[in-house]
Amino acid sequence: MVLGIKRLSVLAVIVVAMSVAFIAVPVSAQQSSAQKKAPSDPLETFLHQYVQHAGLPGGVVGIGYGSGDVRFAASGYASVRPDAGMSVDRQFYIGSLSKMMTSVVTLQLASEKRIDLSDPIGKWLPKEFQGRIANADKATIRDLLRNSSGIPDYLDGEFFFQLVGRDPQHGWRNVELLPLIADRDAYFEPGTSYAASNSNFILLGIMIEAVEGDHIEAVFNRRIFEPAEMADTSFGRYPRPDLLARGFDDANGDGQLEDVTDYDVGDQLADGGIISTAQDMVKFARALFVNGVLLGPNALKRATTDTAFTGEGSYGYGLMIGTSDWGPVWGHDGIYFGYSAEFSWFPDQDAVVVFLSNGRALNEVPSVTSMLMTGLFGTPE
């Protein structure tokens with residue numbers, strides 16, 4: 001997931017600029033402490049071993065079926081100094097999983113005939129940025145949803161992270177990032193190729209706020225969080241919610257995990273600023289793919305079939321569209337400073353797997369989802 005990779009590749013820029021002291025946790029000590037509790041439930045046992053092997057502070061896995069059956073497990077730590085064990089009700093930043101929700105709201109507006117997916121995104125930009133965003137006069141909303149707009153990514157380079165380092169609790173809004181997107185060359189002509197660009201979803205967020213005449217969190221509350229009964233989901237904010245697991249990262253490569261929870265690298269942003277729980281993300285899957293609460297069947301079909309080829313699969317409307325030995329899989333992954341996430345919906349099995357962590361893997365490990373599939377679905381035919 002390009003959002004996470006680019007954010008993490010320049011964390012050192014933030015670390016150099018920050019003046020607030022971190023709480024440092026030696027990786028070896030954190031893992032040693034986690035070994036004191038040996039779970040007995042098979043799912044907890046798996047997660048416990050995965051968290052240790054990956055070098056993660058903690059994590060929660062959720063498995064849900066269209067029938068309504070659910071399973072959850074938690075392992076590791078939600079915070080240190082004071083120590084608090086992970087629990088299934090903890091919140092996490094979900095990073096680019098937020099893109100799925102931005103796409104859902106965009107498709108809802110299209111279904112209501114308040115926008116047209118063939119509209120150029122420039123139609124919705126503030127006047128002072130008309131003509132300054134590459135391709136905005138011809139890249140359509142559909143192009144942005146599929147990452148085929150050619151609009152440059154505001155995370156290219158280090159400037160955004162330098163801003164974060166200087167003002168770590170800024171509370172970024174989508175429109176504030178327009179200067180970082182403006183006056184730059186396009187990657188390619190719209191619709192001719194694929195390049196993941198977080199700017200696409202920032203611009204969609206600006207469009208949503210302009211059409212609705214409201215702040216993006218109020219819009220998402222009305223259109224997603226409340227209808228899907230996601231009571232513990234919101235955009236990031238200060239002070240940090242009590243349920244939010246503290247986020248940790250080895251930001252400067254010294255083998256220690258630093259508490260980076262209080263640094264805003266995307267609160268309020270449509271490309272990755274949402275916090276949620278595994279329980280709420282399972283509810284989101286049901287509302288989107290099972291119950292039709294969020295999208296009708298025609299919109300959902302278009303979102304998963306009108307795709308751009310990415311080189312390793314396809315990208316629909318805010319959804320990674322892939323295949324597995326068990327059939328198709330739709331979803332997204334995400335990384336935020338101190339957090340990582342996986343969301344995978346298996347339409348043939350009517351099942352979702354969600355994994356949320358308050359860190360990123362320090363060791364090479366497969367995804368949680370890939371390691372669970374045989375146990376969940378049996379040996380593929």
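**Notebook: aromatic pairs and a helix contact**

I counted 15 aromatic pairs, taking rings of Phe, Tyr and Trp (its six-membered ring) as paired if their centres lie within 6.5 Å, with planes under 30 degrees apart called stacked, over 60 edge-to-face and the rest tilted. The model is predicted, so I kept local features to pLDDT of at least 70 and side-chain atom pairs to pLDDT 80 or more, while totals for chains, interfaces and linings use all residues. Residues are numbered from 1 along each chain as its sequence is written, and side-chain values use heavy atoms, with hydrogens and water left out.

I looked up Tyr 194 and Tyr 315, whose ring centres are 5.9 Å apart and whose planes stand at 45 degrees, so the pair is tilted. Tyr 315 is buried, with a relative accessible area of 2%, whereas Tyr 194 is partly exposed at 22% (buried means under 20%, exposed over 50%, partly exposed in between, with a 1.4 Å probe and protein chains only).

I also noted one aromatic cluster formed by Tyr 154, Phe 160, Phe 161 and Trp 172.

Next I turned to H9 and helix H10 (residues 216-225), whose axes come within 9 Å and cross at roughly 80 degrees (axes are lines fitted to C-alpha atoms, for helices over the stretch in contact, and angles run from 0 to 180 degrees between N-to-C directions; helices, H or I, are DSSP runs of at least four residues, numbered from the N terminus). This makes H9 roughly perpendicular to H10, the term covering 65 to 115 degrees. In the contact (heavy atoms within 4.5 Å), Gly 205, Ile 208, Glu 209 and Glu 212 of H9 meet Ile 216, Val 219, Phe 220, Arg 222 and Arg 223 of H10.

Definitions and conventions:
Helices (H or I, at least four residues) and strands (E, at least two) are DSSP runs, numbered from the N terminus. Angles under 35 degrees count as roughly parallel, over 145 as roughly antiparallel, 65 to 115 as roughly perpendicular and the rest as oblique.
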